[in-house]
Amino acid sequence: MNAPLMPVEQALQQLLEQAEAALIIETQQVSLDQADGRVLAEDVIASLDLPPWPNSAMDGYALRLSDWVAEALPVSQRIVAGSAPEPLERGTCARIFTGAPMPQGADTVEMQENITLTDDGRVVFTQPLKVGQNVRPQGQETRKGDRVLAQGTRLGPVELGLAASLGLSHLTVCRRARVAVLSTGDELVEPGQALGFGQIYNSNRRVLISWLQRLGCEVVDAGILPDNLEQTRAALAALDQVDLILSTGGVSVGEADFLGVALREEGELVLWKLAIKPGKPLTFGRFRGVPVMGLPGNPASTLVTFGLLARPYLLRRMGATQVQPLGFDLPAGFAWNKAGKRREYLRAQVQNGRVVLYPNQSSGVLLSAAWADGFAEVPENTTLAEGDAVRFIPLSELLV
């Protein structure tokens with residue numbers, strides 16, 4: 001009797017548990033220029049207040065509110081960003097520009113649009129004023145000692161900018177995961193070579209290498225493996241210095257699908273056959289202690305299983321805490337009349353606020369993914385009428 005297919009949530013939970021048990025603990029100090037996409041290995045603690053001193057939020061005039069009178073105030077100094085102002089003289093105001101430090105004694109800034117200048121250059125304030133108006137106080141953003149970035153944060157442009165604002169030039173990050181990419185199948189030929197009858201070009205290799213590099217992994221290109229059990233064993237055995245062996249093809253139930261055989265004979269098969277479409281034959285196990293993930297060979301199946309299962313596994317291995325993509329509900333611009341036994345991830349676009357499907361959802365059609373903005377998720381045992389809410393997962397959430 002065939003074992004029941006494993007639900008997607010259960011498979012993901014098991015993969016994340018496997019990743020948690022094999023976290024990469026080695027760390028590196030890298031410059032901010034080299035830190036994009038890396039995962040913080042320790043908290044970032046503010047070493048100074050931000051801003052470090054009160055400053056003006058506007059181009060205008062700084063004054064002491066208690067000096068505000070109906071008569072005009074003379075201008076006693078001009079303060080630009082980067083300058084050190086003198087204490088504000090009583091009964092005067094200061095010309096000030098955005099980001100410039102507030103002079104000692106000033107507690108208010110009025111924007112230049114709300115003042116009138118007299119012929120002799122004095123300032124008349126024409127609108128009601130209040131203490132603290134248009135002033136950014138010291139420590140408004142963060143205080144010295146605050147945790148500003150948590151361990152496990154994946155660094156992007158905003159996080160790197162925040163680190164730079166604190167004066168940091170280097171950050172401690174987790175080591176990159178070393179991932180070997182292995183394609184299987186006698187039918188595969190690399191682009192640029194002559195294509196024989198019955199052969200196809202190896203697109204999955206290019207997809208996965210590029211995707212892994214975007215995730216911040218170090219990639220070992222293990223090439224194409226023929227459909228041969230002994231060569232499969234030998235290739236797996238040679239990859240004993242990587243954190244993960246990632247293969248495409250060879251994980252189904254066909255006579256020429258040898259990855260699962262090798263794992264059963266010389267390793268451990270942790271999970272196999274998921275309630276997911278496309279991507280049912282995904283395999284995860286170990287070969288002589290090295291984790292191995294076998295993705296189905298059809299291009300759309302590779303995309304779905306890598307994006308939704310391999311990607312979070314690898315990010316968690318590298319210490320990231322946020323590993324699952326964001327999704328949101330949108331009205332379906334299609335009807336789904338047949339409730340399936342597997343959760344389906346359909347290549348889709350958002351058009352005029354509704355989710356529409358690519359007309360050919362075959363797992364062998366890579367063009368559908370190039371057309372798509374993301375995946376429409378249809379749970380198992382579910383039908384949809386046009387206009388029903390369907391969860392949409394943008395590809396932009398998965399490809400970084």
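Trainee: Arginine 147: buried or exposed?
Mentor: Exposed, at 54% relative accessibility. The cut-offs are under 20% for buried and over 50% for exposed, with partly exposed in between (1.4 Å probe, protein chains only). This is a predicted model, where local features need pLDDT of at least 70, side-chain atom pairs need 80 or more, and totals for chains, interfaces and linings use all residues. Numbering runs from 1 along each chain as its sequence is written, and side-chain values use heavy atoms, without hydrogens or water.

Trainee: Which residue forms a salt bridge with arginine 147?
Mentor: Aspartate 43, with the closest N and O atoms 3.8 Å apart. A salt bridge here is a Lys or Arg side-chain nitrogen within 4 Å of an Asp or Glu carboxyl oxygen.

Trainee: What about arginine 233 and glutamate 265?
Mentor: They form a salt bridge too, closest N to O 2.2 Å. Arginine 233 is in α4 (residues 229-237) and glutamate 265 in α5 (residues 259-266), so the pair ties parts 32 residues apart in sequence. Arginine 233 is buried at 15%, while glutamate 265 is partly exposed at 47%.

Trainee: Which residues do shared partners join into one network?
Mentor: Glu9, Arg343, Glu377, Glu380 and Arg391.

Trainee: How many salt bridges in the whole structure?
Mentor: The search finds 21.

Methods. Helix = DSSP H or I, 4+ residues; strand = E, 2+ residues; numbered from the N terminus.
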